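Please read the following points with the structure open beside the text. Each point takes up one part of it in turn.

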Amino acid sequence: MDKTIISSEQLAIMSSRIAGIAKHMTYVLQSSARSSIMSGSRDFSTAVCDGIGDVISLPDGLPVHVTNMSVTTKSFIQYHGENFKEGDAYLNNSPYHGNTHTADYTICIPVFYEEELMFYCTIRGHQADVGNSIPTTYNYKARDIYEEGAPVFPCVKIQEDYKDIEDIIRMAKTRIRVSDVWYGDYLAMIGAARIGERELKKVIEKYGKETVKEFCGQWQEYGKKRMIEEIRKLPSGTWSNESVHDPIPDMVPEGIPVKVKVTIDSEEGQVIVDYTESGDPVPCGLNLCEATVIASGRSGFLNFLGMDLPLCEGALSQIKVKMREKGVVGKATLPYSSSVATTNVADRAVLAVQSALNGITEDKGMAEGALSHPAHTAVISGHDARYGRDFVTQLTNGHTGGMGVKGHDGYVKYHCSSGGMSGWSSIEQLEQKYPILYLEQELISDTGGAGEWDGAPATKAVITPTEDEITFIYLSDGKFNPPKGAEGGYNGTPSYAAIYNLDEGESSLQELPMFHQLKLKPKEALVSKISSGGGYGDPLKRDPEKVKEKVIEKWISNKKARDIYGVVLEMDPIEKQIYVNYDKTKELRKI
Amino acid sequence: MNLRIATDIGGTFTDIVVTDEIGNVNLFKSSTTPNNHIEGIMNGLQLAAKHYNLDLPSFMDRCNFFCHGSTITTNAIITGNTAKVGLLCTKGHRDVLVFREAGKDHPYKWYFDNPEPYVPRHLTYSVEERINHEGKIIVELNESDVREAINKFKEKNVEIIAVSLLWSFANPAHEKRIAEIIKEEWPEARYTLSHLVNPRIREYGRTVSTAINASLGPLIHNYLGRFKDSLDKVNYKKDPYLFTSSGGLTLPEEMMEKPLYSLDSGPALAPVAGKFYADKELGDGNVITCDMGGTSFDLSRVTDHKIAVTNNVEIADERLSIPKVDVKTIGAGGGSIAWVDAGGLIRIGPEGAGSEPGPACYMRGGKRATVTDAALVLGYLDPNYFLGGLMTLNTKAAEEAIMKSVGEPLNLDLVEAALTIWNTATSIMTEAVRDITIWEGIDPTEYTMVGGGGAIGMHIVPIVEELGIENVIIPEASSTLSAYGGVIAVLVKDFERSYFTTTSDFNYEEVNKCLLELKNEAVDFLNKAGIPSENQVFEFSVESRYPFQEKDLSFTLDTDHFGDEEALQKTKEKFHDTHEKARGSRDSEQHVEFTIWKVQAKGLIPEIKIEAEPIETNTPSKGAKKEDRDVYFRDLGIIKTPIYNGEKLRPGNIVYGPAIIEGLNTNLVIFPNSSATITKYKNYLLKINSNKKTEKTFNTHKAKMLGNV
């Protein structure tokens, strides 16, 4: 029989149809999820994988979730391969079995047509609680998986014949805090995946199995070709870089260096990101795992490219990621904990790659962006007397500080592991849902790392409980090793955390540790600042008009304009407008 | 006989629709005059008056209903040509407009400039005050902060002040006090308060809508003032009705108060027309309306005779949380540019050729292939009868552009390349229809499609065939669908109130009070507008969710009074059903939270009584036939195809595909498996064979491969 041939037109039409299905799943999940982390912050991703588990379509996914989805999906196949049945659903939250970290629940549904397995719908979402030994989904303190405490589901069957396996649900509900929200989010994920299944079946019905299979193959080829074309525009060579996660007293007192070598093979159109020179696993929850090391390496390079490329395994597999079988930036190994595998060290692993290649082309380059989990993005928990209910959720607002990049200032609402995709909840909605009050959430002037292209400023947040005591658990990197500037740009500013008593005022301010668990009472306020983005290029080369604009907008002070950028601004007494004194600026910039 | 007139200003043309009481419709188009839109409208009215053999004042004298839609506010926002706004906000929260609830659209996109806040930071002042989620004042308003800010605004020549404090909708005391202080400190200053513009939770949506509302205030005042003067001069003494984004009409006074609701009001009227036609022709209350322009494709839907509304409104990259007709717009139209990417994939848009330089076949300097060029090459368009002969198209230029942009890169011959462009564009439009139906849990096969825009008739058959939709109406007024929506629309205004309660501790008294107050406000409005009580209609709805959810779901209430537990249970069940249908899950054990109570007031305007024309024979008269032409259809290849003059077809005539019907304002491609019937109301009713599952949609027989992968 002749091979089914897919025309360019058909490839375009079928790919947009399948991307539409993955987006449809995203839409449904975001509208029906319960926790603010999944709904407001949209800390979840959806994917459609082909019959061998390779990703076909990843619409708007979070980088740390999705550039590794093939690994996770293949893990399900490894354990259940021959036994998949229509109506099954599987759950994986194990970093030791191809998942990211225990807080990310990955649901996988095999999609059958005429008894043949054609696709997988894979959805990964961050649950607000997963039953850790302390109320956080990032248990940085855990010396091993046993201290971490979350029930682990390594590719476990959770639905059969489209019905929950009640035993598993009951186990989870027993061990997880605020389990009705957990179950609501689970239902939202399953609901979305089932919609994906239904719609994919329609696609197969329409085009026939053989055409669909051929499409899958050709789409991967197309993705591969696009990626090769992009990589060929870069020179061959190997570049090394390092980014060091802050020390945590008593756990990793020296900090955690992430070392990377990035090799570009221009001719082959291939990139190798090599993390094997990074160290051994650490006795805390900050170890990465296979899925997040792959995601970090791939995201770092994709950040640098900054292109709109088809996100399928065919394209992604041109970025090979090497890691140790056992290492902090390697595969997860028992009993070490990978509770925090998606942020912190993972951020460092992304930043080390994205800024390793500066200077190799004219039009690209970037500094380091702000680091994860400032105190104001703590996981909070407690009892809400207003509604008589318990709550646990992660706050995600106030994550700013994008890196300066070649040609543009840093993106303000930056978040490394989500690629800036995650949203912020409205403060009013947060205050309605949880017994907290935001006294402040504003940009801090003079924080963005100066450069020809500035890093974006940090945000300060001040939060206080309104009724009862609330537990805050946070893990704020970036105080000792703030985001680095690049190509002559300045570093970003460090992160900061403190507490003060509202009645006594800011004179009662006391600085807090950066990795910390505390209970805040009403009248006590948490003051937190995230680190800010590093600048790119020499600030003395920055367009003085841009400096002026930022002064008018109060992002930077007149003093910084003069001291760091060498720009002299004066006030026109008649027009009452600030203008650049170019003569004085030229003089000042000569020195 | 009395006339109704609707005018709708578009980017290129200003549409004028004139109908009489028995439904005779005449369409007129004049060029839009960007510097003074009123001039274009008056030119159009002149044309219309001439058609009726009247001078303009006599023509307007016969008009008893005049309505108007314009894009001046939308354009003002896009071009930044709005008033200078000063924003007052709660201390500690001056960056609400910078943050915009975050979330960007592509994870690896970093080489771009940050979007600027709608009001710059140097014109944003915060004042000490704080209200909590229950509306309790926890920090008193610091009045000297307010006075200081107002004086700064004065100094900086701000044209209008927007006030948006946290939780203002729960307790407007501080906003009201600020209004008083503004009057004391700067009596002539204009201002806008957030709890009046958009009394909803979510500070960003409320603040940005208040700021936008403020920024349009001076512009709309000026425009409506001049507009009324111009109408006055030509003998039209009444207030014109104005299109609103709620899919209805409002009065100038209302619009000056809330110019926000003039944004995108044109597209919001298209489903009004769609609903009208589907009801008239087929008695169907489920309708998808699509309106195809040069580079945009607008979609909206009507379910059970109700136009779908959304709170997720995006204008110029700002996300406003105001209720508005749910119109989905994608960047695909006749002017969308076709290209081939580095991996050998055909792409359409998002770049468009606009009207200048336009498609290559316009011969105005456009060198890149567009969807219109493909239509010409495939024979769907007559180069000598474009826009009823207003313009001549150059087929050779289209051929060259197609070969260069698509044919050569993909190694396809001319027809294959044109077909590739054509089918891909059609599939993009098809996906957009899926987004507004299947995504919302709606089965499109249960809907009638109504098509608008001169070019829609060329794409509509493959779109509906793919979706399994059987009935399509291409109205006589297809090319001016929104304006036609205007002449049949009703007066409409939304009222809403935030009140939080749940099914587990439902506050009957407060909810009933809230509903009653809403109704009273609505009745007041309609009374003031002079709508007799028998023509007043009220539709109640509520926004609700499961605990902890952030995206509320709106559904209509079957009652305006909760008498007992049973009424509540019914409402709860309706929520579970709605949630399951739209969002794929049902959690019957959970209680339901209610957040916003709403009523839409409608003032019915006497209906146009369209008279049916006598049905004639099935077979079109010989005089309706034009000369056959070569047209390409998949599965048939290039064949000699009958061409009909739409002006000469009579009610009852049926045209079977393959055929083309050329009208003055529309061009219909009747594909081989479909037919077009001229209805008794002189619209086209297209029928598609339902036997399509076995058909191959793609032309695979000769398709060439992707580059050399």
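1. In chain A, four strands make up an open sheet with the order β8-β9-β10-β11 and mixed pairing. Here strands are DSSP runs of E with at least two residues, helices are DSSP runs of H or I with at least four residues, and both are numbered from the N terminus; two strands pair if DSSP finds at least two bridges between them. Because β8 (237-245) and β11 (319-322) of chain A each have a single partner strand, they stand at the edges, and one side of each is left without a neighbour in the sheet. On average, neighbouring strands of this sheet are turned by 20 degrees against each other, direction ignored.

2. This is a predicted model, in which local features need pLDDT of at least 70 and side-chain atom pairs count only at pLDDT 80 or more, while totals for chains, interfaces and linings use all residues. Residues are numbered from 1 along each chain as its sequence is written, and chains are lettered from A and ligands numbered from 1 in the order in which they are written.

3. Helix α8 (residues 290-305) of chain A touches β10 (270-274) and β11 of chain A, and its direction makes about 135 degrees with that of β11(A). Helix α10 (residues 345-354) of chain A touches β8, β9 and β10 of chain A, at about 35 degrees to the direction of β9(A). Contact requires that the C-beta atoms of two residues, placed from the backbone, lie within 7 Å; axes are lines fitted to C-alpha atoms, for helices over the stretch in contact, and angles run from 0 to 180 degrees between N-to-C directions.

4. Another open sheet of chain A has seven strands in the order β2-β1-β5-β4-β3-β6-β7, with antiparallel pairing. Its edges are β2 (55-57) and β7 (163-164) of chain A, each with a single partner strand, so one side of each lacks a neighbour in the sheet. Strands β1 (residues 44-50) and β5 (residues 116-126) of chain A pair over seven bridges, and A:Ser45 stands opposite A:Arg124 in β5(A). Helix α3 (residues 69-80) of chain A lies across β1, β2, β3 (89-92), β4 (104-113) and β5 of chain A, running at about 115 degrees to β3(A).

5. Helix α6 (residues 179-207) of chain A has 29 residues and reaches 42 Å from its first C-alpha to its last. That is close to the 42 Å expected at 1.5 Å a residue, where the expected span is 1.5 Å times one less than the number of residues. Just after α6(A), A:Gly208 takes a positive phi of about 90 degrees.

6. How many residues does each chain give to the contact? Chain B gives 62 residues and chain A gives 77 residues. On the side of chain B that touches chain A, the elements giving two or more residues are α4 (96-99), α8 (203-233) and α13 (414-437) of chain B; α13(B) gives the most, with seven residues.

7. Chain A has 14 helices and 22 strands, while the secondary structure of chain B comes to 17 helices and 35 strands. The C-alpha trace of chain B spans about 80 × 65 × 60 Å along its principal axes.
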